[in-house]
Amino acid sequence: MLRTSLAIAALCLLGFPFSAIAQPLAIPPNEAISAHMEKGPDLSDFVRTCPPGLNDTPAMPQHYGQATILNMPLNRVFAIGQQTFITNFNACDGAGRPATTGTGAERTPDPAMGPRFTRVSAPETSSCAGCHSQPQPGGAGDFVANVFVLAQAADPVSRIILNEDFSNTWLERNTLGMFGSGAIEMLGREMTTDLQAEQQSAITSAEASGASVTVNLLSKGVSFGALTANPDGSVNTDAVVGVDPDLVIKPFSRKGAFRSLREFTVTAMNQHHGMQAVERFGVGTDPDEDSVDNELLIGDITAVTIFQAALPAPIVSTQGIDRATAVHGAHVFNEVGCTGCHIPSLPLKSSQFCDPDPQNLAGTFNDTSQSYCFNLSQTGIRGNSVAAYTDLKRHVICDSNKPHYCNEPASPLQASDSNYAIPGNQFLTAKLWDTGNSGPWGHRGDLDTIYAAITAHGGEATNSESQFEALSNSDQLAVVTFLKTLQMPILPPNQDPNVNMSNRNPVPNGR
Ligand code: HEC
Ligand code: HEC
């Protein structure tokens, strides 16, 4: 098929060492969480009713403890998670967070703002699918669904001032699609394991030899620079590139700030909807003072995480597209070096997906004795090869000649889940496996053609972009045509929970 199978030479050039970049104050995403960490036991299933005096019904009355979810087959958990993803949460469910910000910190209740909808700092939507809707729930989003990262920490909450360019104050991001994301999470976990093992062996040999030992950090053919271990067990990470100094690959969000779907989901539920999960905010507590507690149980979060992880991997669709041109475009894409960062496929050692990630931090469930597992072949991953066109590494692809992707404000900086500031000009190599139907493009979604998204590349991508610009018009169009074939598949409507996942039609791609 179209897949160009290449020996993966990850020549992702010239990464900037973190120490070389000024790091203004960063607001850690998890900063305020510890205040509410009164971890209690999970609850068992229950049916919610509205608080007294609110004569309506919750949008999601049924809640599940982890024990119940663990006993359900994948198709059933997927259907429950899908339903949760599209639920328009309301006040009876606990939507809104009048007394807390999107990070979970206390905020000044502001009656003028109302507790519920606040476009910039959120909560701004009723459901996850309010943004992740293209081509269907779990997918990408249009410009109007953009998020203003870090505005969630604002207190008082940020108001929309229409005559001010609020995207220059906040870090504007366009909605990403989650199709195939179970495989993405597992790639990240396996790469983390590799890098941390390389670090550990350097420490061991430095201790044994009494001399400093430098190792190249390499996983799945992707180079993350080098690290030096000293005989006293300390490490120098100045030459580490494209990943935080803790060597944990964070494959989620445009900047590569989150390690797992579950971590992202718990954060998004609170930020976007004011729905607090017990695993982060405690059992029987009501930190946001909306008169509803136990808003989402561990089993509820597992189901919505599994829904995302089990969404089918993107496919190659040549419907309405000239096949020969697309095949030619895939070759040109390789020839001009796009594959240096957009690696056509990365191999998985294991095709088993299990939630939770054992490396989930405090505030996200991480008890692997209660894991929910399934095989990624059910999402269309064949031969453990994940054709996502990324290296899961951060790069700088802008400079003074090509400033477009440098459009972040100088400060504040977004921090990763482990609180490392991510330089403003660094972004994770975008996955291109859904490029065909995930527009608009770029981290802000402010580019409406694939051609513009390509020709905006500079920085580390200068060499490849210049080669692209030197191509004939028809070769450039062939590359664009090739990228249009990479698409999220359309699921049949109304998933019938009695249909086995592997019998879904259309069958996820034949990769
Ligand atoms: C207001 C729009 C909006 C809503 C509502 C929303 N998201 Fe997102 N989502 C985004 C944007 C924008 C991004 C990219 C964020 C970034 O790069 O920092 C994103 C990214 C993600 C990612 C990372 C995907 C990847 O491949 O890196 C996950 C997972 C996710 N969202 C899950 C959810 C879940 C679960 C919900 C509901 C609880 C939700 N989102 C609600 C806009 C939204
Ligand atoms: C040095 C690494 C690197 C090289 C080489 C590179 N890219 Fe990218 N590419 C990226 C990064 C990083 C992003 C994400 C930019 C952002 O988030 O705004 C990206 C984004 C994109 C996007 C936008 C995707 C989206 O969903 O918004 C397209 C399309 C793309 N690249 C195509 C190409 C093509 C075609 C080539 C070869 C001419 C190429 N890239 C070469 C790193 C690279």
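A donor, as the word is used here, is an N, O or S atom within 2.8 Å of the metal (3.2 Å for Na, K and Ca); water is not among the atoms, so sites may look incomplete. The structure is a predicted model, in which local features need pLDDT of at least 70 and side-chain atom pairs count only at pLDDT 80 or more, while totals for chains, interfaces and linings use all residues. Residues are numbered from 1 along each chain as its sequence is written, chains are lettered from A and ligands numbered from 1 in the order in which they are written, and side-chain values use heavy atoms, with hydrogens and water left out.

The account may start with the iron atom of ligand 2. Its protein donors are H342 (NE2) and H457 (NE2), lying 2.0 Å from the metal. Helices (H or I, at least four residues) and strands (E, at least two) are DSSP runs, numbered from the N terminus.

Around ligand 2 stand 24 residues, the closest being C338, C341, H342, H443 and H457; a residue is near a molecule if one of its heavy atoms lies within 4 Å of it. Polar contacts, pairs of N or O atoms within 3.5 Å, also occur here. A polar side-chain atom of H342 is 2.8 Å from a nitrogen atom of the ligand, and an N or O atom in the side chain of H457 is likewise 2.8 Å from a nitrogen atom of ligand 2. In the side chain of H443, an N or O atom is 2.5 Å from an oxygen atom of ligand 2. Strand 16 (426-428), helix 8 and helix 9 are the elements that give two or more residues to this shell. The shell holds 15 nonpolar, 7 polar and 2 charged residues, where Ala, Val, Leu, Ile, Met, Phe, Trp, Tyr, Cys and Pro count as nonpolar, Asp, Glu, Lys and Arg as charged, and the others, Gly among them, as polar.

Ligand 1 also carries iron. Which protein donor does the iron atom of ligand 1 have? The single one is H132 (NE2), 2.0 Å away, and H132 is found in the loop between helix 2 (74-86) and strand 4. The residues surrounding ligand 1 number 28, with C128, C131, H132, S253 and K431 the closest. An N or O atom in the side chain of H132 is 2.8 Å from a nitrogen atom of ligand 1. Oxygen atoms of ligand 1 lie 2.7 Å from a polar backbone atom of S253 and 2.6 Å from an N or O atom in the side chain of K431. Strand 4 (147-149) and helix 4 (261-273) are the elements that give two or more residues to the shell around ligand 1, and helix 4 gives the most, with 7 residues. This shell divides into 13 nonpolar, 11 polar and 4 charged residues.

Some backbone details complete the picture. A cis peptide bond, with omega about 5°, joins D355 and P356, and P356 lies in the loop between strand 11 (352-355) and strand 12 (372-375). The bond from G439 to P440 is also cis, with omega near 0°; P440 is in the loop between strand 16 and helix 8.

Note on methods
A polar contact is a pair of N or O atoms within 3.5 Å; within protein, one must be able to donate a hydrogen and the other to accept it, and residues adjacent in sequence count only if both atoms are side-chain atoms.
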